[in-house]
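Hi,

Here is the structure I promised to pass on to you. Have a look at it first, and then read my notes below.

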Amino acid sequence: MTIKAVGADSPGWGPDDLAAFIWGNEIVWGQASQIGNDGTTTVVIFDRSHVPVPQDDETHVAVVAGPDAPADAKALLCSGKAFVNGAVTAVKVFRI
Amino acid sequence: MTGSECIRGTTLFFSVMALLVLPGCASFNARPDPLRTVSSELAAAKTYPFETAMAEWRTRGSAKDVNDRREIRDTYVILQMRAIDARYRAFLTGLAQQARGTNLVLDVATLGLTGGASFAAEKTAHILSAGATAVVGGRAAFNKDLFYERTLPALIDEMNAARTAARASLTGGLGKTADQYTLAMADIDLSRYQDAADLDTALQQLTSAAAKHVEAANALYTAEFKACLPKPDVYRPRAEMMAYLDSLTDDAGKPTLATIAGPGSLGLVLDPQDKTPQELADAIRTYISAKICDVDSARQMVATWDDPNTLLGDLK
């Protein structure tokens, strides 16, 4: 397993932006395995042993700040404290 | 005897006395005495060994005996689990008492002379090696803080996690019929449950987890670039670009990757000939993560890429 970390361009992104950021980079680097922050922005670690291939233009990731999983969640990818709208927030990242 | 020698001798006397006396009174209970003692639980388990349970199981082979078989299985499993749990609790208590006793000896020893401290260190090494040889290994000098104050709690956590996983098979099995979860299957799970309380195995798990954490920490350190916010229409183009890069990530594809990443094109790498195909491809991936966030920028990027296998689809 090789892994790669990528920082988000903006700490002010909301949950949907983070989801797009994660899914857009899963396609490049591999499945998201950890999420956290480096004190200034969100950092996501991607597992390069599995790279998902998109079949459509949908974002197949949901970032949720609350305890509930989305109704269409298939798996919990990772959880941690990320920047959401500029504040460090506990989030869960789901595959949808 | 000089004055300083006298003081040293007196200190040595009290240190040695403390070492001799304290281990005897260093053990104290951190919990009430258990109602279910190890001996009583073991005695109960021995009244119904596997051979007896299996013999009864075999006498009840017809369909109408299925509930009897279940009762035999459940009785055997519960008695065994209680005995295993009692021994595990005693094992943990023993570890905790060793930790407290050892710390007290060392704390006193640090107030005394070197000789006393050396004695205490040897004693510590002996106690540790008796409990977990793998932890002590070949190191002559062993820091008691490292093991009892930091490592041991983590090892106990590992053992508890392994026991919980093993217990799940047992408790899940008890909810099934005797045909679905036989006595033999339960006995195998009981062995796994008992073996889960193993310091050596826990240490291996802990070492593996630590290695993963180091790997993760190293990966975080590589987060030296920030990725843009991609629009949904770039998801599939990005995937096509990845397929294209993957097809070039070998020696045959290196010249093409070098051309894309080199000074004459994107200028991501100043000396592409010195890089591996993987390093060149990763430099291009990083650029895509940071800059290629809509389909137009993707088209612009691949405009000059030679694509004989049409991996780039309609981007070209």
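Start with strand 3 of chain A, residues 42-47, which is covered on both faces: A:Thr42, A:Val44 and A:Phe46 are buried on one side, and A:Val43, A:Ile45 and A:Asp47 on the other. That makes six of its six residues buried. "Buried" here means that 20 or more other C-beta atoms lie within 10 Å of the residue's own; with 12 or fewer a residue is exposed, in between it is partly exposed, and C-beta atoms are placed from the backbone. Strands are DSSP runs of E with at least two residues, helices are runs of H or I with at least four, and both are numbered from the N terminus.

Before you go further: this is a predicted model, where local features need pLDDT of at least 70 and side-chain atom pairs count only at pLDDT 80 or more, while totals for chains, interfaces and linings use all residues. Residues are numbered from 1 along each chain as its sequence is written, and chains are lettered from A and ligands numbered from 1 in the order in which they are written.

Now the sheet around that strand. Four strands form an open sheet with mixed pairing, in the order 2(A)-3(A)-1(A)-1(B). Two strands count as paired if DSSP finds at least two bridges between them. At the edges are strand 2 of chain A and strand 1 of chain B, each pairing on one side only. Helix 1 of chain A packs on the sheet, where it touches strand 1, strand 2 and strand 3 of chain A as well as strand 1 of chain B. The direction of helix 1 makes about 35° with that of strand 3 of chain A (axes are lines fitted to C-alpha atoms, for helices over the stretch in contact, and angles run from 0 to 180 degrees between N-to-C directions).

Here is how the strands pair up:

- Strand 2 of chain A (residues 31-37) runs antiparallel to strand 3 of chain A, with six bridges; A:Ala32 sits opposite A:Phe46, and A:Asn37 has A:Thr42 as its bridge partner.
- The hairpin of strand 2 and strand 3 of chain A has four residues between the strands, and A:Gly39 takes a positive phi near 95° there.
- Strand 1 of chain A and strand 3 of chain A are antiparallel too, over five bridges, with A:Ala5 opposite A:Ile45.
- Strand 1 of chain A (residues 3-8) is joined to strand 1 of chain B by two bridges, and these two run parallel; A:Ala8 stands opposite B:Ala227.

Why does A:Phe46 count as buried? Because 25 other C-beta atoms lie within 10 Å of A:Phe46. A:Phe46 is 40 residues from A:Val6 in sequence, yet their C-alpha atoms are 7.9 Å apart. Leaving aside neighbours within four places in sequence, its contacts include A:Ile3, A:Val6, A:Trp29 and A:Ala32. A contact means C-beta atoms, placed from the backbone, within 7 Å.

The largest nonpolar core has 53 residues, and A:Leu18, A:Ala19, A:Ile22, A:Val44 and A:Val93 have the most contacts inside it. (A nonpolar core is a set of buried Ala, Val, Leu, Ile, Met, Phe, Trp, Tyr and Cys residues joined through C-beta atoms within 7 Å.) Helix 1 of chain A, residues 15-29, gives the largest share of this core, nine residues. Another core, of 22 residues, lies apart from it and includes B:Ala53, B:Val77, B:Met81 and B:Ala202.

On to chain B, which has 13 helices and one strand. Of its 316 residues, 26% count as buried. In helix 11 of chain B (residues 254-261), the buried residues are B:Lys254, B:Leu257, B:Ala258, B:Ile260 and B:Ala261. They fall within an arc of 165° seen down the axis, so they line one face of the helix (the arc is that of the directions from the helix axis to the C-beta atoms). Helix 10 and helix 12 of chain B are among what covers them.

Last, the contact between the chains, which takes 28 residues from chain A and 23 residues from chain B. On the chain B side, the largest share, five residues, comes from helix 10.

Cheers

How values were computed:
Two residues are in contact if their C-beta atoms, placed from the backbone, lie within 7 Å.
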